[in-house]
Amino acid sequence: QVQLVESGGGSVQAGGSLRLSCAASAYSGNCMGWFRQAPGKNRERVAIIYGDGAIIDYADSVKGRFTISLENPTNTGQTMYLQMNTLKSEDTAMYSCAADTADLGSSCYGFWLDASFGNWGRGTQVTVSA
């Protein structure tokens with residue numbers, strides 16, 4: 001059974017940086033993404049990566065500041081990262097990772113657009129103070 005565990009969240013001042021990790025065990029798929037949800041707001045997609053980076057995309061609100069990447073897969077799973085720079089107070093949210101297997105890049109993109117990934121982590125909190 002696939003398990004996703006996020007880490008790396010914390011409190012930081014505006015302008016600072018954090019790097020989130022998502023450890024996916026028992027996972028050998030090819031489509032992973034990051035989402036976030038602030039209190040009282042809908043879940044928002046943040047970034048997506050398909051394959052070894054054949055498709056990478058970001059929400060407009062984080063483009064140029066966030067970078068999604070993958071570590072080389074192992075026999076037991078995969079680790080995904082989200083490097084977040086120049087953080088703003090509006091980046092404050094619970095960040096969750098998601099993973100699935102897609103037959104096409106367009107299918108992976110669809111998982112991201114619809115938030116329809118089959119596997120989700122519990123999230124890690126990011127708080128940015130002004």
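Let's start at Asp100. Setting aside neighbours within four places in sequence, Asp100 is in contact with Tyr27, Gly29, Asn30, Cys31, Phe111, Ser116, Phe117, Gly118 and Asn119. Contact here means heavy atoms within 4.5 Å.

A word on the model. It is predicted, so local features need pLDDT of at least 70 and side-chain atom pairs count only at pLDDT 80 or more, while totals for chains, interfaces and linings use all residues. Residues are numbered from 1 along each chain as its sequence is written, and side-chain values use heavy atoms, with hydrogens and water left out.

Back to Asp100. This residue lies in strand β9. Is Asp100 buried or exposed? Asp100 is buried, yet has no salt bridge. Buried means under 20% relative accessible area, exposed over 50%, and partly exposed in between, with a 1.4 Å probe and protein chains only. A salt bridge needs a side-chain nitrogen of Lys or Arg within 4 Å of a carboxyl oxygen of Asp or Glu. The nearest side chain of opposite charge is Arg43, 12 Å away. For charge, Lys and Arg count as positive, Asp and Glu as negative; His and the chain ends are not counted.

Now the whole fold. Along the sequence the pattern reads β-β-β-β-β-β-β-β-β-α-β-β. The radius of gyration is 14 Å, close to the 14 Å of the globule rule for 130 residues, so the protein is as compact as a globular protein of that length. That radius is taken over C-alpha atoms, and the rule is 2.2 Å times the number of residues to the power 0.38. Buried residues make up 43% of the 130.

Next, the interior. In soluble globular proteins, nonpolar side chains tend to be buried together. A nonpolar core is a set of buried Ala, Val, Leu, Ile, Met, Phe, Trp, Tyr and Cys residues joined through side-chain atoms within 4.5 Å. The largest one here has 28 residues. Trp34, Phe66, Leu82, Met84 and Tyr95 touch the most other members. Strands supplying at least two residues each include β3 (18-25), β4 (31-37) and β8 (77-84). Apart from that core lies another, of ten residues, among them Cys31, Phe35, Ile48 and Ala98.

On to the helix, α1, residues 105-114. Which of its residues are buried? They are Gly105, Cys108, Gly110, Phe111 and Trp112. Their cover includes β4, β5, β6 (55-58) and β9. After α1 comes Ala115, with a positive phi near 50°.

Last stop, β11. Its covered face holds Thr124, Val126 and Val128. The uncovered face holds Gln125, Thr127 and Ser129. Two strands pair if DSSP finds at least two bridges between them. β2 (residues 10-13) runs parallel to β11, joined by four bridges. Gly10 has Val126 as its bridge partner. β9 runs antiparallel to β11, with three bridges. There, Met94 partners Gln125.

Gln125 has 36% relative accessibility, so it counts as partly exposed. Beyond four places in sequence, Gln125 touches Gly9, Gly10, Thr92, Ala93 and Met94. Gln125 and Ser96 are 29 residues apart in sequence, and 8.8 Å apart in space, C-alpha to C-alpha.
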